[in-house]
Amino acid sequence: MTETETEYQHPLMQKYWAMLDTRFKLVEDVFEDVMTEALAILTREGIEAYLEAARVIGKLGRGVEPMLVFLEEWPSVAKVVGEPALPQVMGFVMKMQKSPNGKAITPFLQTLAPVARRLHANTQCRNYLSVAEDLMARTTGSIHGHHATFPSPGLPDFFAQAPFLLSQLSLEGLKNWVDYGIRNYNNHPERQKDYFTVQSADSHAVLQRERHGTLFMDVERKLDLYLRGLWQDAQQLVPYSTAFDELRKPVPYYDKLGMRIPDVYDDADTITGLDRYRATLAHMVGHRRWTQALIADNWSPFQRMAVEFFEDCRIEILLCREYPGLKRIFLALHPKPAEDACDPETTSCLRHRMVMISRALLDPEHGYQDANLRDFVARFHSQMALGESGANISSTKDIASLALSYVAKTRRQSDQLAKVHFDNTVVDYRDDNRQMWKFIEESDDEEMFEKEKKRAPEEELKGLPPRHYPEWDYKSLTYRPDWASVYEALHPKGNSADIDRLLEKHSALAKRLKRILDLLKPQDKVRIRYQEEGSELDLDVAIRSLIDFKGGANPDPRINMSHRTDGRNIAVMLLLDLSESLNEKATGSEQTILELSQEAVSLLAWSVEQLGDPFAIAGFHSNTRHDVRYLHIKGYGESWGDEAKGRLAAMHAAYSTRMGAAMRHAAHYLEARKADKKLMLILTDGQPSDIDTNDEQLLIEDTRQAVKELDRQGIFTYCISLDPKADEYVSGIFGRQYTVIDNIQRLPEKLPELFLALTK
Amino acid sequence: MTDKEQYKVQTEPYYQAQGKEVELYEAAYRNRLPVMVKGPTGCGKSRFVEYMAWKLNKPLITVACNEDMTASDLVGRYLLEANGTRWLDGPLTVAARIGAICYLDEIVEARQDTTVVIHPLTDHRRTLPLDKKGELIHAHPDFQLVISYNPGYQSLMKDLKQSTKQRFTAFDFDYPDAVLETTILAKETGLDALIAANLVKIGQTARNLKGHGLDEGISTRLLVYAATLIKDGVDPLDACRMALVRPITDDADIRETLDHAIDATFA
């Protein structure tokens, strides 16, 4: 611009410039251009409000950046969401200005236009603002109890990510995602940043969960059944993420390890996401059935592309022969480019031509006029029709030669042009055809004559891989997915004689228990009366019948009885809390709680062994959610022998008590048992807690949720608490299924008695 | 004497042989060997027995076994009357007296102590002692015992005892192959062969899912039901859903997969 400073030719323009009341040089440079755009879009009042808002932003004292951004972005925002949205936006900007979050104003304005394009309507825009406001309000302010105000660490990053987030999530999903971040990382600024820049694993996981469309994990079983039922194929399905590759969208493919498909499909017009998955799978199954790999080395990339298109059509026609209903789905998903969409003078039209013929091969009503195309469609179908009824399904090779002659016939000089016509030419349910080609040489380079074979050193498996369990977040009433990692292992062994000694010590108690046990032992025979046929005559009934008979009435012929065996059928799991606090001495005793627990557990194990119920013992402790240890002491398959006793003897206590995860893990063993009744006993000396959880209530609520889950699985949980103060929380977790043992010294005696009472 | 004619099969039942089972059965009958027919539900076991009875022109007495069935339900019992008792033959006894083919359907459903009463009839003795009555029945020369059972779905508790199993010659039935099953559907219901072939395809889809949430695939019997409905003018999609999918599963995922198979097949 070469005009004299601040003097515009047009009086109106002059007035506008005056309204803006700014001396930023950078603004002046672009003023005319932005006004041209604004004048074309905004109304007269709109212009005035726009300039007023820009003036206010310019006076905020945040430099030229926010003002510039606003001037550039607002017209296009207003175009989508309407001018009346301005007061809300300005209101929010002012709120940020008043809070310590002034730095977030620029990112907010910067991404407002792309965000608005995703939101479409004014109400949506308002919701977006309220989500942002919520985030600001909840993450700004006191940290670690200091009442000085700190800016929200995540807010600027959130604005920067907002367009991407909204491309993946609905507004509802965005709200949940933000909510999760605030709740879990509110007092950890660095992690909060990671979360809102979509870098942490958590952030990805929650994003994945909230995405719109048909999620793979929701339909996985249906797809498995689909493959198995309709195609007799049992390939493993491996999803890949489509969320984070913006530039290069991955394409489905299959290899030895399974079929790779996107983790989410949105509905496409009339076709549901599930049907899109099915189309993708069917296409790959078709390749697996009918495609023979060809040697690729002598063909140009163009030739290979043509062969791929023809082969794809061949197998799709074969698939439709099998299930004609697939045709509807394929045709709906296959693009149908207009015949004149591509100008062969300026652009490379190869892809356009190939997609057209691909469409024409599948769709008899393609309506394309090109003579070559029609000729090849006819040739293709006559090729395919050879022995339509018989086994003749043509072959990859024959179709490839047809494809090659089509390329030869329709070749144009412009195919080599760098500008390639891509619009509407991607058939997105088709795989990348990597299995179709064999390459004899790795590369044309001379020095590459032998591929160096690299073998990854085989890593020795140490222990079992972790199992992940969700954790209940009572504040949001949702599960945190895969939150706790449980590692399981056999408990190290100790000297089993120690346990025998303990049992010896309690031999008097054992004798008393034995008497109760004998009474409890399965009363195998149960009498069934009123049987027409039976092993014995039931005298009472028989005499009654005889009386009836003699009296001339119709006698009851069911005068026999028989017996049925009736056994106990209870599977028991004893879960021991092995947290650090067990090392403390029990009140009024020389023994630690751990030692007393050992005694009690050995007596209980002995009792259960006498009864013959299937019984397992495991211990757990945790050191943050990433390391929950689950230690087997006795398995269901093992007898109460030296091995199990040895492990019990070596029992030692450390770390904290993350009970929910351990219970869920123990439950999966108990669930696999075939028993009428399943009982999980939990022996603990304190409330659930862990060092990475500040909120005491959180793990308590999670344990409570675990109890509910177990209850749904038909597992009866029962807690034996050694914490004298347990009454405050234990009934909240276990309802009425608990006992608090105040006098810990009597634990060895109480525990077996309790078990017997429970299972009587 | 009981009327023999009422047990005869009057009209020829339609039966499509899958192999040599008709000839083999005839050979077994010539020598009066007991026969066991095994196979999944609805694959044509009972139809086969019926057909053989018709072909051999022998009376057929069918007993559907259940858990509460006692030995006297098979053999017979004393009924009390105002002035004494009267003996009533059970179906097995009747068959042994008149020389019928006695068909015990789903034999494993009966209690084990019940199944033992057939033992003396199934070996060289061919007798049936009625201990309550103090009578020993020598089976009629035409008498033959046939049992059926479905080894697939019953529990482990309900397997036949070895001592019972080893008294029978056995046929192992399964669902017929696609071509044969299509013929069966077309013949049985008069349905167009093309639609019949589609039905068979859906049936096989479900059989592929056996063990993955389905205990048993779609039986030939259900396919015949579907064919009958279609023949009656019901829309094939509705007929398939009603006769093939809804009866066999409550699992939503499987239902949806089979529904999709139906849509994909009838298009």
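Let's start with one helix. Buried means 20 or more other C-beta atoms within 10 Å of a residue's own; exposed means 12 or fewer, partly exposed is in between, and C-beta atoms are placed from the backbone. Helices are DSSP runs of H or I with at least four residues, strands are runs of E with at least two, and both are numbered from the N terminus.

A word on the source. This is a predicted model, where local features need pLDDT of at least 70 and side-chain atom pairs count only at pLDDT 80 or more, while totals for chains, interfaces and linings use all residues. Residues are numbered from 1 along each chain as its sequence is written, and chains are lettered from A and ligands numbered from 1 in the order in which they are written.

Back to α5(A). Which of its residues are buried? V89(A), V93(A) and M96(A).

Next, the cores. A nonpolar core is a set of buried Ala, Val, Leu, Ile, Met, Phe, Trp, Tyr and Cys residues joined through C-beta atoms within 7 Å. The largest has 69 residues, and L574(A), L575(A), M680(A) and L681(A) touch the most other members. Helix α23 (residues 593–611) of chain A gives the largest share, 10 residues. Take M680(A). Beyond neighbours within four places in sequence, its contacts include M573(A), L670(A) and F716(A). In contact means that C-beta atoms, placed from the backbone, lie within 7 Å. A second, separate core has 58 residues, among them A279(A), Y323(A), L209(B) and A227(B).

Now, where the chains meet. Chain A puts in 20 residues and chain B 21. Which helix gives the most to chain A's side? α13(A), with seven residues. That side divides into eight nonpolar, four polar and eight charged residues. Here Ala, Val, Leu, Ile, Met, Phe, Trp, Tyr, Cys and Pro count as nonpolar, Asp, Glu, Lys and Arg as charged, and the others, Gly among them, as polar.

Last, chain B. It has 11 helices and nine strands. Of its 267 residues, 39% count as buried. Among its contacts between residues at least 6 apart in sequence, 71% join residues at least 24 apart.

Conventions. Contact = placed C-beta atoms within 7 Å.
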